[in-house]
Amino acid sequence: GFVVGHAGLYQALAMFAVAYFIIGMTVLSVCAIATNGALDAGGAYYMISRALGPEFGGSIGIMFFLANVCGSALYILGLVEAVVDSFGIPPGQKSGTGVHVLPQSYWYELLYGTILLALCLVVCLVGASIYAKATFLIFLIVTAVLGTILVSFFATRPLGVPIRMPHHNSSETESGNFTGFSLATLRENLGGGYGVDYTTGQMMSFSSVFAVMLFNGCTGIMAGSNMSGDLKRPSYSIPRGTISAVLFTYLVYNLLAFLMCATCSRTLLQKDYGFLRDISIFPPLVTVGIYAATLSAAMSNLIGASRILYALARDDLFGRALALAKKTSASGNPIMAVILSWLVVQLVLFSGKLNTIAGVVTTFFLLVYATVNLACLALEWASAPNFRPTFRYFSWHTCLLGIAGCCVMMFLISPVSASASLGFLLLLLLALHYLSPSSTWGYISQALIFHQVRKYLLMLDVRKDHVKFWRPQMLLMVQNPRSSPRLIDFVNDLKKSGLYVLGHVELQDLGEGLP
């Protein structure tokens, strides 16, 4: 409702198409890396670090951890807002009536958020199996709610919906309309009509609406890969689960956008983000669905952040700073990483509102997506013998398109946030380059250099040699290079930037030492 209310149907569909194009290219890269042999804990961090080295992997891992932490806090705050909206005492009143019994203030809302976050912590501490069961149950609930909403668009008769617009201690009432299917309503909602977001008081634009839509609706594609260490067959589950989720949500978003634009007035869409409760044939179920969806997203981000932190700690990229996060339970659940992630989310909850950092968090996610595409592109271009993914529906073209799309959208959403994110990434890269211990993962840069050197050597054509560009090619054979430094230096001076091959000659019978 927020997206189509401000952007209109045409621009909303364009936003979905652009967002899912970027996501689609990234998903292809994720599937390619996920099906290329064993995949350990850490998801995107593991993919990037093993392809681009510890500097890139560690810096992107920290940014992805922070993005998941802030995402979890955002969903908790959204859930608190929904709870207070349903059960809170109205502004300007000392006591409520009926179900409106919850006090509203900064500290009370912080308390509600802390309780809900503690519930997520308990589920994540028990382990991945109970989390999977809980999210599957939530999936069934949300699917039932979605079915009810779709039926409601057809079954509910036209009605007026009173809208309470809070202004300090008083409330101004407006009215929105659910018209049922109406060609006039559809025409009214085709074009954009950006207005003021009543929750923040800020004027909306294409980039601000797109940032909200992308962050809240499209950043969950790494949820499956983040749990790569907990899956029995990650190379099988991640591609099928991620692709099916992307296709399903894309169809649902487009269908809901059309139904809303054809049945709801722009006033209702812009000024009542909870209007689906008012038009539903069973309003309490919509409320349950909202709670379930936000709680599931909060748990997904919390458990994803803990797995990334555990993988970072296990790789010793930050030394003793993350040593505590290595500890696991008897069943292998990284309980200390879960607790540390919970503490960071709790600290973020003290901000009360995340509007100031939402743009930075969105660019963090986009930067992670761009780097996943970069990792897949580097592996493809290097033609590494060990890069043989069973998923073949990708190419270097899709990787490049994913990188370009992520970078362009970063700067379109917020040039300041994008610049700050890149600056933060550069600082982390430099810190890890000089402070982190050397790794034995191998560096894709060496494979790329070898690939390019081989390619250009094969391009040399002896028929095009010319005396003006002649370079000496020296081959020096010595019995012991350690005892011939002067001879080696002399020939090195003769080569004049030519090709110099040093051979160590071993005098021995070829059959000696063989069984």
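Colleague: How many helices and strands are there in the protein chain?

Modeller: The protein chain has 18 helices and four strands. Keep in mind that this is a predicted model.

Colleague: What is the average pLDDT of the protein chain?

Modeller: The average is 82, and 89% of the residues score at least 70. Among the elements, the lowest mean pLDDT, 69, belongs to strand 2 (residues 170–178), and the highest, 91, to helix 6 (residues 183–188).

Colleague: At what angle do helix 3 and helix 13 pack?

Modeller: Helix 3 (residues 54–87) packs against helix 13 (residues 335–349) at about 55°, and their axes are 9 Å apart.

Colleague: Which residues of helix 3 and helix 13 meet?

Modeller: From helix 3 come Phe65, Val69, Ser72, Ala73, Ile76 and Leu77; from helix 13 come Ser341, Val344, Val345, Val348 and Leu349. Sorted by class, this contact has nine nonpolar residues, two polar ones and no charged ones.

Colleague: Why does Ser306 count as buried?

Modeller: Buried means under 20% relative accessible area. Ser306 has a relative accessibility of 0%, so Ser306 counts as buried. Ser306 is in helix 12 (residues 283–314).

Colleague: With which residues is Ser306 in contact, leaving aside neighbours within four places in sequence?

Modeller: Ser306 is in contact with Ala337, Val338 and Ser341. Ser341 also belongs to the helix 13 side of the contact with helix 3.

Colleague: What makes Gln452 partly exposed?

Modeller: The cut-offs are under 20% for buried and over 50% for exposed, with partly exposed in between. Gln452 is at 31% relative accessibility, and therefore counts as partly exposed. Gln452 lies in helix 17 (residues 444–458). Its C-alpha atom is separated by 9.5 Å from that of Trp381, 71 residues apart along the chain.

Colleague: What percentage of the residues in the protein chain is buried?

Modeller: Of the 515 residues in the protein chain, 46% are buried.

Colleague: Among contacts between residues at least 6 apart in sequence, what percentage joins residues at least 24 apart?

Modeller: In the protein chain, that figure is 77%.

Definitions and conventions
Residues are numbered from 1 along each chain as its sequence is written. This is a predicted model: local features need pLDDT of at least 70, side-chain atom pairs count only at pLDDT 80 or more; totals for chains, interfaces and linings use all residues. Side-chain values use heavy atoms; hydrogens and water are left out. Axes are lines fitted to C-alpha atoms, for helices over the stretch in contact, and angles run from 0 to 180 degrees between N-to-C directions. Helices (H or I, at least four residues) and strands (E, at least two) are DSSP runs, numbered from the N terminus. Contact means heavy atoms within 4.5 Å. Ala, Val, Leu, Ile, Met, Phe, Trp, Tyr, Cys and Pro count as nonpolar, Asp, Glu, Lys and Arg as charged, and the others, Gly among them, as polar. pLDDT is the predictor's confidence in each residue, from 0 to 100. Buried means under 20% relative accessible area, exposed over 50%, partly exposed in between (1.4 Å probe, protein chains only).
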